[in-house]
Amino acid sequence: MFGEKAVALVKEEHRTPSEQLQPLNEDLIRQVLAEMGALCEANKTDIDIMRTDEGEHEKMLPSFLLRHSALEHNRRCTLAYLKARLDRIIRFRWDHGAVLPEEIQVNLQEHEKQWFSKYNKNLANYMTSLHGLDLTQNTVPPKSLKIQVRCLQEYGELETESGEIVMLTMNSEHYLPLSECEPLIRQGVLQHMGS
């Protein structure tokens with residue numbers, strides 16, 4: 001049946017947990033593209049027949065339209081699969097920073113790595129144009145400027161923007177500025193202790 005492989009692509013992306021990135025399913029994409037090529041060739045053949053024999057036009061039009069709809073369906077599903085991967089990569093950039101974890105990097109294709117690098121450069125240039133404002137921090141408006149955190153591992157000294165030096169040792173608790181804590185929370189060094 002037309003379009004089953006294309007739907008399988010979309011289902012595969014939908015079933016992938018949001019914190020993971022599966023390898024690009026090139027084999028299934030090739031199968032979808034091969035199906036699209038066959039549908040296109042069948043439609044070209046029908047067009048040639050319909051142009052030469054007016055009597056065949058009415059008989060062949062429904063099958064032509066069915067194949068054309070299948071082509072459009074496959075195109076939309078394939079683009080949805082690729083767009084969902086791209087959205088996931090963008091989200092990883094905002095969640096993990098400019099360097100992605102190894103388990104994500106190994107599943108990126110070379111063209112995706114190049115795109116990610118360009119995206120990083122564009123984002124960095126944009127943040128620089130905003131006088132160094134880091135848009136990847138404060139993705140949610142803070143309720144207060146300081147938060148209570150617990151250190152989950154030995155980290156050592158942390159110098160805050162105000163010049164204060166804080167010793168981050170395992171299980172120590174601190175009341176620190178949110179802007180200082182967010183990167184360390186993302187790295188798993190600190191844990192926010194909800195109020």
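Met50 is buried, with a relative accessible area of 9%. This residue of the predicted model lies in helix α2, which covers residues 26-52. What does Met50 touch, leaving aside residues up to four places away in sequence? The answer is Glu56, His57, Met60, Leu61 and Phe64. Now take Ile185. Met50 and Ile185 are 135 residues apart in sequence. In space, their C-alpha atoms are 66 Å apart.

**The chain as a whole**

Next comes the overall layout. The chain holds six helices and five strands. Their order along the sequence is α-α-α-α-α-β-β-β-β-α-β. The C-alpha trace spans about 85 × 35 × 30 Å along its principal axes. How does the radius of gyration compare with that of a compact globule of 195 residues? Such a globule would come out near 16 Å, but this chain has 26 Å. Of the 195 residues, 31% count as buried. Residues 24 or more positions apart account for 61% of them.

**A sheet of three strands**

Three strands form an open sheet in the order β4-β1-β5, and their pairing is antiparallel. β4 (173-177) and β5 (190-192) stand at the edges with a single partner strand each, so one side of each has no neighbour in the sheet. From one strand to the next, the twist averages 45 degrees. Strand β1 runs over residues 146-151 and pairs with β4 through five bridges. Which residue of β4 stands opposite Gln148? It is Tyr175.

**A hairpin**

Strands β2 (residues 156-159) and β3 run antiparallel and are joined by four bridges.

Strand β3 (residues 165-168) has a covered face with Val166 and Leu168. Its uncovered face carries Ile165 and Met167.

**Helix α6**

Helix α6 covers residues 178-187. Which of its residues are buried? They are Leu178, Glu180, Cys181, Glu182 and Leu184. These buried residues pack against β1, β2, β3, β4 and β5. After the helix comes Gly188, whose phi is positive, near 85 degrees.

**Cysteines**

A disulfide is a covalent bond between the sulfur atoms of two cysteines. How many disulfides does the model have? The count comes to zero. A disulfide needs two cysteine sulfur atoms within 2.5 Å. The sulfur of Cys77 is 17 Å from the closest cysteine sulfur, that of Cys40, which is too far for a bond. Cys181 is in no disulfide either, and its nearest cysteine sulfur, in Cys151, is 10 Å away. Are Cys77 and Cys181 buried or exposed? Cys77 is buried, at 11% relative accessible area. Cys181 is buried too, at 0%.

**An aromatic pair**

A pair of aromatic rings is described by the distance of the centres and the angle of the planes. In this model the count comes to one aromatic pair. Trp115 and Tyr119 have ring centres 5.1 Å apart and planes at 15 degrees, so the pair is stacked. Planes under 30 degrees apart count as stacked. Where do Trp115 and Tyr119 sit? They lie four residues apart in helix α5 (residues 110-129), and are separated by about one helical turn. An α-helix has 3.6 residues a turn, so residues three or four places apart point the same way. Trp115 is partly exposed, at 31% relative accessibility. Tyr119 counts as buried, at 19%. The cut-off matters here, because buried means under 20% relative accessible area.

**Accessibility in a table**

Here are the residues discussed above.

| Residue | Relative accessible area | Class |
|---|---|---|
| Met50 | 9% | buried |
| Cys77 | 11% | buried |
| Trp115 | 31% | partly exposed |
| Tyr119 | 19% | buried |
| Cys181 | 0% | buried |

Technical notes. Residues are numbered from 1 along each chain as its sequence is written. This is a predicted model: local features need pLDDT of at least 70, side-chain atom pairs count only at pLDDT 80 or more; totals for chains, interfaces and linings use all residues. Side-chain values use heavy atoms; hydrogens and water are left out. Two strands pair if DSSP finds at least two bridges between them. Helices (H or I, at least four residues) and strands (E, at least two) are DSSP runs, numbered from the N terminus. Axes are lines fitted to C-alpha atoms, for helices over the stretch in contact, and angles run from 0 to 180 degrees between N-to-C directions. Buried means under 20% relative accessible area, exposed over 50%, partly exposed in between (1.4 Å probe, protein chains only). Rings of Phe, Tyr and Trp (its six-membered ring) pair if their centres lie within 6.5 Å; planes under 30 degrees apart count as stacked, over 60 as edge-to-face and the rest as tilted. Contact means heavy atoms within 4.5 Å. The radius of gyration is taken over C-alpha atoms; the globule rule is 2.2 Å times the number of residues to the power 0.38.
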